[in-house]
Every structure is written in structure tokens, then in C-alpha cells.
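Visitor: Hi! Could you walk me through this one?

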Amino acid sequence: MRIRTFEDYQEQYKKSVDDPEGFWGEVAQEFEWKKPWTKVLDWNFEEPNVKWFVGGKLNITENTLDRHVRERPNQPAIVWEPNEKEDESVTITYKVLHERVSRFANVLKGHGVEKSDRICIYMPMIPELAIAVLACARIGAIHSVVFGGFSAKSIADRVNDANCKMIITTDGAFRGQKKIPMKETVDDALIGCPTVEKVIVATRTRTPISMIKGRDYWWEEEVKKVSADCPATEMDSEDPLFILYTSGSTGKPKGVVHTCGGYMVYSTYSFQNVFQYDPGDVYFCTADIGWITGHSYIIYGPLAAGATSIMFEGVPTYPDAGRFWDIVERHKVNIFYTAPTAIRSLMGFGKEFWENKDLSSLKVLGSVGEPINEEAWHWYNDNIGKGNCTICDSWWQTETGGIMISPLANITPTKPTFATLPLPGVQPELVDEKGEVIEGNGVNGNLVIKFPWPSIIRTTWGDHDRCKQVYFSTYKHKYFTGDGCMRDEDGYYRITGRVDDVINVSGHRIGTAEVEDALNSHTGVVESAVVGYPHDIKGQGIFAYIIMESQVHEEDLMKRDILATVTRIIGPIAKPDQILFVSGLPKTRSGKIMRRILRKIAEGDVSSLGDTSTLLDPSVVEEIKEKAGL
Ligand code: ATP
Ligand code: MG
């Protein structure tokens, strides 16, 4: 299933479109199934109802663990890099991981967890998090990982949405200089979570915490009581594997459901091909397992491929802004995958943090989560990749389960800020507001996918109608991504931001990302966020929130300079009508700007800012409101 050349890619792509069942049937052969499927694909996008590898039986952990225990037992599966730079990293081989997962799966069983029970996992980035995830999968329990930075209320909302039976957590967490309570936050959440019967607590910080008899149990004690042998439960291809809530950039998070067979096939296929993983490569994805990137590309994809996956507990700026590069140097990382928000934050620090580090092991650099602006792309390419690494700007979503549009490392010719071409099996289309397909190249539109791929969202937990409404109703017979997109003269795709973020200025469609790119290239601008607002003459006007390196003394003059830069780069049409200098932007805990809040403020309406529970720092909103005079 490994693509080696651009011709291979074109051939595989063609086959995947002409004969999707034949294509994916062949890819799926490379996995271990307990029972083969009877039909590769059954689908309609009306209900929607999509089934891949119909009737097939498997357990994903036999593919991520047992298979490798036979073939490469002593190869590191997970290398854990702790928060403190001085602390030794921990290497867990496939054999040891298999044992630890089996043991913990037996603990779950002993506490009454059965197939299809929902289990909430609220943990920092320690090996026990990956072990808990895989232990659920081992026995067919559905994991719902909640990012370890969320509040008690956010945990409770998610636990109740899925009626979780158990929460797995730790006493506390280390994040940079901070020590963060975990069990205490879970205790607060539990006040409003009637379905939770048991809590298992792994030790990390040894913070004093309350432990209630008959409900709360220590991980370390429990694993001593059980055997290290746990047969993998037979799962149907279409049994749910996990629920994961979207990051909430655009509204109330949705409980996206992925199933066992298709998700396994696609996360692994995309991992191997996008990053061109070769046996022995060391791979480091900086995402948190609380997000889909961590699910698909720290745990499932890499482990099914038999890779060595680095798991990092800390933050990119602790003890200093060179931490990622220290890890790359220390572990001789070959493939590195991060987010534009991290790149932008590290760019601001001096050369001394990367210049003298040995980054020569790197072959591939990935980016995901947002459009990567041109400046960040070049910084990443020049300073980290030294011009020798493919930048895989990978576009995908929680709902897609795996990477959809991305360069294949060293195969697809890249272009800054372009996610380039779809992976085999992915059939993108651009449509206009009315749903008419926009043919040809050099065009802009809304990005839809017209045919299922194996890891497409199956439902939103407990509310299938929401799934239908959000993704399958805007355009008939198509999966709607919610993202705006441009296809250039070469047929390359560039994501221009959320559809809501495409601003229509006097009839011209302008992507917010494009304007932000231009703003960010102005000297002294650290970051910017652009939104549209109602404008009497133009229909929509452009409102820019800008963070400057240092305080602006002559605001008017600075604004005029900035407008001149935008005019030079895009043209006068893209000049913001209003600029507001701010010291921070409202970001979700996954680092994305919550533009709907900025939109409300630009409209002058702060009465209903909606769900802000996924914001990292709500006080930013107050400051911006004040600056805007609201
Ligand atoms: P919600 O759906 O709750 O609003 P979210 O969309 O931020 O949250 P995710 O599934 O984590 O939740 O993010 C997917 C979105 O991230 C995509 O729809 C797209 O807007 C953006 N994105 C991801 N990767 C890229 C990329 N390489 N280039 C541009 N945008 C990207
Ligand atoms: Mg989304």
C-alpha cells in the first residue's frame, strides 16, 4: 500500500476513484482480521449510513500490538519524554506495551466494564494515557478522551453526553512550570455525573487527593491484582471504537464517532503514505492525545504501522523555546508533526534556540490544525528543515479521522500554504452557495467530499440527526467540510479558512487566512485575526485584530503602514476597514482562534457570545471588548 513515486500516486489515485471497493479491499488485506468482510462498502449520504468492510471482524489492538510483538518485540513502540528536560525518557517496547495494555484491560473488566460501555479518559500526556486508550479498544469499550486542560464543567458535559461509566485520570499533571490538579477537577465534575460508577487514578504528581471507598482506585494497585493476558474482544468493523468531541472553534462541540475497521485502515494508510514512514524511523507528533491528531497519529496510525512514536508530556517553551529541537536532537527524530500555532509561537524566539541543535535527522515536517501562513511555512522550511524536508501541510478534521489533502513527503511537489492534492480515496469538490459544482482550475468555493473514505464520521453520539444536519444537508449527497478552499491553476488545493470566514467584500470573496498572511508579514506584527462584519456599502467589511511585538505609540500612522502592506501584497480590496490592536486573541485549548467571538465583537454585539467553555483564557475576551469600547 506504500506509494513510492508521483506516478504511483497518480495510479493509486485513479484506481481509488475508478474502483474504490477494489482499491480499499486490497489495502485492508494488509491488516489482521479475525473474519474477512463480505462487502467492502455500503453507503448513502442521505441518512447518512456508511459501512466499510461489512461483516468483517477484528480488534484494532491485534494490529497495533500483537502483530508487532511477533515481528519486532523489542522495538520501542512509545518513547515518553517527560516534562522536565533533565528527567530520563522512558522507552516502552511493543512487548512491554502489549503486556501493560492487557493488564489494564483486565483491570477494566474486573471493574465491570463491558463491550460498548463508554469510558472517559482525562489524563496528561503520560504513557498511561495511551495504555488506557488501547486497553479500552482491547475489550471493545468506547473511549472518549477529554483533553487534560478542560474544566470540570466541560468534563461533565462530555461525560453526560455519552453516559460514561468510568473516568480514568491522574492525581495531577505537570505542564511546564505548572502543577495542575486532575483528580480534583474530576471530583468537581462528578458532582453532576450520575452515570459514573468508578474512577481509576494513575499517580503522576503525588498530589494529595480524596479517594472514595468503592468508587476511586489507584491504577498501580489495581494492575498488580490481574493477569497480563487478555484476549482481544472480537469487534465488528462498524462497532464504535471511540467518541471524540471536536475542538469547538465554531460552536458546541460535536461527539464524533469513529468505528473499528475503516478507521484502522485509513489512519494507518495515511500515516505511512503522507509521512513516507520507513521501518526504523523515529516519529514525533507534538499534538495532545486529547485531539484527533493524537488519536490517529500518535497512537493508532503509527502503532499499527509498527513505528516508534514519541509522546511528549510538556510544552514547547519549557524550560525554554528550544524544547522541541532538543527532543529532535536527543531522539534523532526523522518525522516531526506539529501545528502552525506552535510554529508561530516559536518563531518569535531567538535563533539560539534552534541554530546550534543537530536537526540533521529530520526528513519530513508536518503541519496541521489551521492554514499555515506563508511566513511560518518559510520559517519552518528554512530554519528547521534547512530546506531539505518536505513540509506536509495536511488538511483534515476530527470528522475525517485521517489526513485528507496533503503532500506525500518527497513525492508531491509542494507550494507554500498549499495542502496540495487529495490522498487516494479522497474525492474533493468545490461548490458554490447553491451547490453547483465549480469545475476547472483557478477557482474558489466551499470544500465538499463526494464519496466516502474509510474513516469518515459515522454519527454524532446520541444525535444522528445532528450529524445529518451539520455535514450532509447543506449540499445534497455530499459531505460538507465547512471549509472554504481554492484550487489553483495547477489543481492544487489551498484551504482558505472556514466558510464562515470567507468575507464577501463588494462581491469579492476573500479568505480571512489570506488577509492574515498579509498582515503578519508586516514588520512588528506577531499575530492577527480577521473577520467580516456588516458594511453598508461593501456588504461586508474587514475587521482586523492585531497583536504587535511592542506597544504602538502612533496608532494611526501604524495602521496606515499596515494598510500599505496589505495593499502591496493582495491589493486595496483586502485592506481592513478597521484595525484593533490587542494583546491576545481568544483561542481554544487546541490553539485555534475562536473567530465567532471576534465576529460578534466586530458587529458590536456582545450580548450572546455563545459557548466559550473551550476557550483557553476567557479574560482575553474582556480585554478585547474593552478596547473595542463595548
Ligand atoms: P468545531 O468543529 O467544533 O468548530 P474544529 O473544526 O476546530 O472545531 P477540528 O476537527 O479539530 O475541530 O479541526 C478541523 C478544522 O481545522 C478544519 O475544518 C480546518 O478548518 C482546520 N484545519 C485543519 N488542518 C488544516 C490545514 N492544514 N490547513 C487549513 N486548515 C486546517
Ligand atoms: Mg470542525
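Visitor: Which polar backbone atom is 2.7 Å from an oxygen atom of ligand 1?
Guide: That one belongs to G248. Keep in mind that this is a predicted model.

Visitor: Okay. And what does D483 do around the ligand?
Guide: A polar atom in the D483 side chain sits 2.7 Å from a ligand 1 oxygen. There is also a nitrogen atom of ligand 1 that lies 3.4 Å from a polar backbone atom of P371.

Visitor: How much of ligand 1 does the protein cover?
Guide: It covers 94% of the 640 Å² of accessible area that ligand 1 has on its own. The ligand is surrounded by 21 residues, with T246, S249, T250, T398 and K592 the closest. The shell is made up of 5 nonpolar, 9 polar and 7 charged residues.

Visitor: Changing topic: how many salt bridges are there in the whole structure?
Guide: The search finds 40. One of them joins R595 and E516, whose closest N and O atoms are 2.7 Å apart. That pair links distant parts of the chain, 79 residues apart, with R595 in helix α17 and E516 in helix α15.

Visitor: Is R595 buried or exposed?
Guide: R595 is buried, at 14% relative accessible area. E516 is buried too, at 9%.

Visitor: And what about K153, buried or exposed?
Guide: K153 counts as exposed because its relative accessibility is 56%. Its salt-bridge partner D157, with N and O 3.0 Å apart, is partly exposed at 38%. Both lie in helix α6, 4 residues apart, about one turn of the helix.

Note on methods: Residues numbered from 1 in each chain as written. Chains lettered and ligands numbered in written order. Predicted model: local features only at pLDDT ≥ 70, side-chain atom pairs only at ≥ 80, totals over all residues. Heavy atoms only, no water. Near = heavy atom within 4 Å. Polar contact = N/O pair within 3.5 Å; in protein donor to acceptor, adjacent residues only side chain to side chain. Areas by Shrake-Rupley, 256 points an atom, 1.4 Å probe, with all protein chains shown as cover. Nonpolar A, V, L, I, M, F, W, Y, C, P; charged D, E, K, R; others polar. Salt bridge = Lys/Arg side-chain N within 4 Å of Asp/Glu carboxyl O. Helix = DSSP H or I, 4+ residues; strand = E, 2+ residues; numbered from the N terminus. Buried < 20%, exposed > 50% of the residue type's maximum accessible area, 1.4 Å probe, protein only.
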